[in-house]
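Please open the structure in a viewer and keep the selection panel at hand.

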Amino acid sequence: MAGHASKQIDSKTLWGGQMSPFSTSYGKLMMWFFLVSDALTFGGLLIAYGYTRHSCQDAWPIGEETFNSLPFLGHGYPLIYVALMTFILIVSSVTMVLAVEAGHRMDKKGVVKWMIATIIGGFFFVGSQAWEWSHFIHGSEFGKIEMEDGSMAIVKGHFGEVENFTIFEAGAHHKVGDQITAEDMDLNHEYRHAIAEGHVENNVITLHDGSKANISKKDNDHMELMVKTDGGKYKIGDHIEDHDLAAELYNKTVNAGVKGNVIFGANLEQNEYGPQQYGQFFFFITGFHGFHVFSGVIINIIICLGVIRGVYHKRGHYEMVEKTGLYWHFVDLVWVFVFTFFYLV
Amino acid sequence: MLRDDVIEYSLDAHHSEEQGKKIRKKIWQVTALLTVITIVEVALGAYIKQGSGAWPFVKWSFIIMTLLKAGYIVQVFMHLGDERKAMRYVILIPYFIFICYLIFIALYEGTAVGEAVSTYGA
């Protein structure tokens, strides 16, 4: 016996034509209409991204250069992390469709099992996105540099650790001869922050309390520069692969002591990866998608509780699970497109 | 109790154990396919540099693979393939016509704006 709605409705009241024109329930049809309108929103966002990217051309960042890190393992793994996120979302979509299938067999235990798996997958995805955002906001170890000729370049290489700061001019807290080591503060972080603020000049760092210190730091290895904005000498698309030259150009910029010459990470005003709009699109598109995933997880939890309480079993059909399933698959569908157009192409 | 004045929702909303087995098999097949496509995409993205000779081919293969993935998600996972033809077309056709139009117009405009800026300055 096919599933009836919990309350039998006289067909004359509901549809003038005696039957549902699409052989689909009202709820499912409305979910589809909502998904089409939501798909138009995401379509609009991705097309706006395409418009901006086409108008910026070569200055636009390249996915595999920007997203090449893994938690705990560092750099040099292009796209692996986003691929993992994609895989997590696909798997959670599979567990959702299995929950729907179990619902069609009126297998309550099966529905609960697969829905819980889906919820866990959803949380994993949201967590991964949080890491991705944090990484994007904090940026790389080198940042983006603006060189003397006005050209801007992103930097690749191995960062040499900062070993210590030795004070030679006293400030409010530190005395001459004090040596600040990794036990006192996060030296790499302090160093990058000082560079961004223009407080590093000729290998001398000015600390927060006004004291000045010599920097003892290992050399950066395997430096490469990729020019992203035209300048007097270097042009967009130039790739400086000579490690010594790249290191020289980088060190010169870092030690110039000018605020804004080196940009680390991203915010809504500037970012180290490319044009300003790149950061804004990243935050808005992945943020809007992440918001959808998060609300999807919440809706899944609510429906899962309903399943556990036996609400839908009593009703005689698991259509509610099907409807949330539609929404959840849609979230996966959007990510497939975001993955391609934001990270791959 | 069979009443013909009552609407039957989702005519295929229930299925038996045997049918379920078939459906689950299909689901796992699609899962494997989606995973393989994703792995191929990442491998191509990681090893073929943008701007190299093979890049235009890779770029278009990304777009084709994406549409393939999307097609399987919509048809199998979202069960649109099991719905009536009328419903499928109501959902897909207006969307595709509008989106194709928007893509065409926005990307042409974007390229033109970019060229104007690089020729005449911002």
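This is a predicted model: local features need pLDDT of at least 70, side-chain atom pairs count only at pLDDT 80 or more; totals for chains, interfaces and linings use all residues.

Residues are numbered from 1 along each chain as its sequence is written, and chains are lettered from A and ligands numbered from 1 in the order in which they are written.

**Chain B**

Select chain B. It holds three helices and zero strands, where helices (H or I, at least four residues) and strands (E, at least two) are DSSP runs, numbered from the N terminus. The order of elements from the N terminus is α-α-α. Of the 122 residues in chain B, 16% are buried; a residue is buried if 20 or more other C-beta atoms lie within 10 Å of its own, exposed if 12 or fewer, and partly exposed in between, with C-beta atoms placed from the backbone.

**The contact between the chains**

Next, display both chains. The contact involves 55 residues of chain A and 50 residues of chain B; two residues are in contact if their C-beta atoms, placed from the backbone, lie within 7 Å. On the side of chain A that touches chain B, at least two residues each come from helix 1 (11-14), helix 2 (26-56), helix 3 (63-66), helix 4 (80-104) and helix 10 (319-344) of chain A. Helix 2 of chain A gives the largest share, 11 residues. By type, this side of chain A has 28 nonpolar, 21 polar and six charged residues. Here Ala, Val, Leu, Ile, Met, Phe, Trp, Tyr, Cys and Pro count as nonpolar, Asp, Glu, Lys and Arg as charged, and the others, Gly among them, as polar.

**The sheet 11-10-4-3-12**

Now select these strands in chain A. The five strands form an open sheet with antiparallel pairing; two strands pair if DSSP finds at least two bridges between them. Strand 11 (239-240) and strand 12 of chain A are the edge strands, each pairing on one side only. Six bridges connect strand 4 (residues 152-158) and strand 10 (residues 221-229) of chain A in the antiparallel sense. A:His158 has A:Asp221 of strand 10 as its bridge partner. Helix 7 of chain A packs on this sheet, and its direction makes about 70° with that of strand 10 of chain A. Axes are lines fitted to C-alpha atoms, for helices over the stretch in contact, and angles run from 0 to 180 degrees between N-to-C directions.

Strand 8 and strand 9 (residues 212-217) of chain A run antiparallel, joined by three bridges.

Which residues of helix 6 (residues 187-197) of chain A are buried? They are A:Leu187, A:Tyr191, A:Arg192, A:Ala194 and A:Ile195. After helix 6 of chain A comes A:Gly198, with a positive phi near 80°.

**The nonpolar core**

Finally, select A:Ala99, A:Ala153 and A:Tyr250, which touch the most other members of the largest nonpolar core, a set of 93 residues. Such a core consists of buried Ala, Val, Leu, Ile, Met, Phe, Trp, Tyr and Cys residues joined through C-beta atoms within 7 Å. Helix 10 of chain A provides the largest share of this core, 15 residues.
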